[in-house]
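Student: I have a new structure to look at, and I would like to learn how to read it. Could you walk me through it?

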Amino acid sequence: MKILSLAALCSAFVFTAAAQENVFLAHVLLIEKENGARKEAWLVAATKTQIRYRETELAADTKDARISDFRSIYIYEPREYAAAMDLYQGRKYKEAKEMFGAVKARYKPILPMENSPAALSTFYEMECMRKLGDLDGLAAALQTFIKDPLTRETQLRQLDLYVLWDAVRTKSWDRLETLAKERAETPLPGDQRAQVAYCHGLALEGLNRPLEALLPYQTALTADTGASEEIARQAALRILAIFNADPEVKNAIKVWGSDNENKNSRGHSNLKEAAAVAKLFEMSLASGTALPAEYKTFLKYLEKTEK
């Protein structure tokens, strides 16, 4: 009989442990339909209608069952998914995107299950792309995205809004204006209403109607009281850019404090609004982004109007 050396035994042990670590397992709670009995299990794989699982984490044998046999299958939230969500909610979208991508790959064997960690991670990975302004990446991700596992209304509605963002990406301004008007007439939560309004503003600017874009940009700024920080910040910058290029605002600046100043003019009113938006940007929207130098001039007009 061949006797293995200590080094060989150690190598074999390390290999076995590494192989065990690489085996996919998803901890779940199965609740049976007939009697409501509960039992812990570890999924090995799943389709839309069936699961394969182990009854204990270290079991060698697996069992197959129909998903319809259970009242509910609760997937315990993976630690790495929770960590990715913490990054996402902390607006660290680049780091969150990478972690969601890792979770998506890890939990791919049970992707078809309803609201699986893989499906949810894929969704939030795309949301990170949108928030980072990576519309090309978002468009590429949508080519292979399967939305069937998602059932949450807010997420499904967000998937519909990606049509608007793709029109932004391709600069299809006429189409974007039509889409934004249609979506604006439907009930939407604040963060999604802000997206629609912002895209509408971009469409109007793209169609060389900048003054008309002010209203939707203002809606984007206030739709969810600035909680959609990246949208509110970009809307504020677009408002300031429009006012900065407005001849009437330029004239209001020129005659400010002189005998020719007209406090009832549109230019004067827009100048005060520009000052208010510039201050709002610095106070609550900057998030480490400096107010562009060309817009800082507006701040001094706010100071004078407050005296």
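Tutor: Gladly! Let us begin with one term: contact means heavy atoms within 4.5 Å. Keep in mind that this is a predicted model. With that cut-off, and leaving aside neighbours within four places in sequence, Asn 270 is in contact with Phe 243, Asp 246 and Val 249.

Student: Where is Asn 270 placed, and is Asn 270 buried or exposed?

Tutor: Asn 270 sits in helix α12, which covers residues 266-285. Buried means under 20% relative accessible area. Asn 270 has 9% relative accessibility, so Asn 270 counts as buried.

Student: What share of the contacts in the protein chain links residues 24 or more positions apart?

Tutor: Among contacts with a separation of 6 or more, residues 24 or more positions apart account for 54%.

Student: Let me step back to the whole chain. How many helices and strands are there?

Tutor: The protein chain has 14 helices and 5 strands. Its radius of gyration is 27 Å, well over the 19 Å that the globule rule gives for 307 residues, so the chain is more spread out than a compact globule. Along the principal axes, the C-alpha trace spans about 105 × 50 × 35 Å. As for burial, 42% of the 307 residues are buried.

Student: How should I think about the nonpolar residues?

Tutor: Here is the general idea: in soluble globular proteins, nonpolar side chains tend to be buried together. In this model, the largest nonpolar core holds 86 residues, and the members that touch the most others are Ile 51, Phe 100, Ile 110, Trp 165 and Phe 298. Helix α10, residues 229-245, gives the most to this core, with 10 residues.

Student: With which residues is Phe 100 in contact?

Tutor: Once neighbours within four places in sequence are left aside, Phe 100 is in contact with Tyr 81, Ala 84, Met 85, Tyr 88, Ser 121, Tyr 124, Glu 125 and Cys 128.

Student: How do the residues of the lining of the largest pocket divide?

Tutor: That lining has 15 nonpolar, 4 polar and 6 charged residues.

Student: And what about cavities?

Tutor: Searching the whole structure finds 1 cavity of 30 Å³ or more. The largest cavity has about 30 Å³ of space. Leu 135, Leu 138, Ala 139, Leu 142, Tyr 162, Trp 165 and Asp 166 line this cavity. Helices α5 (135-144) and α6 (153-170) each supply at least two residues of the lining, and α5 gives the most, with 4. By class, the lining has 6 nonpolar, no polar and 1 charged residues.

Student: One last topic, please: the backbone angle phi. What should I look for?

Tutor: Most residues other than glycine have a negative phi. In Arg 91, phi is near 60°, a positive value. Arg 91 lies in the loop between α2 (79-89) and α3 (93-106), and at 39% relative accessibility Arg 91 counts as partly exposed.

Student: What is phi of Asn 208 near, and where is its place?

Tutor: Phi of Asn 208 is also positive, near 60°. Asn 208 is found in the loop between α8 (190-206) and α9 (210-222). With a relative accessibility of 67%, Asn 208 counts as exposed.

Notes. Residues numbered from 1 in each chain as written. Predicted model: local features only at pLDDT ≥ 70, side-chain atom pairs only at ≥ 80, totals over all residues. Heavy atoms only, no water. Core = buried A, V, L, I, M, F, W, Y, C linked by side-chain atoms within 4.5 Å. Buried < 20%, exposed > 50% of the residue type's maximum accessible area, 1.4 Å probe, protein only. Nonpolar A, V, L, I, M, F, W, Y, C, P; charged D, E, K, R; others polar. Rg over C-alpha atoms; globule rule 2.2 N^0.38 Å. 1 Å grid on protein atoms, 1.4 Å probe; cavity = no way out; pocket = protein on both sides within 12 Å on 5 of 7 lines; lining within 4 Å. Points joined across faces, edges and corners; volume = space filled by probe spheres on them.
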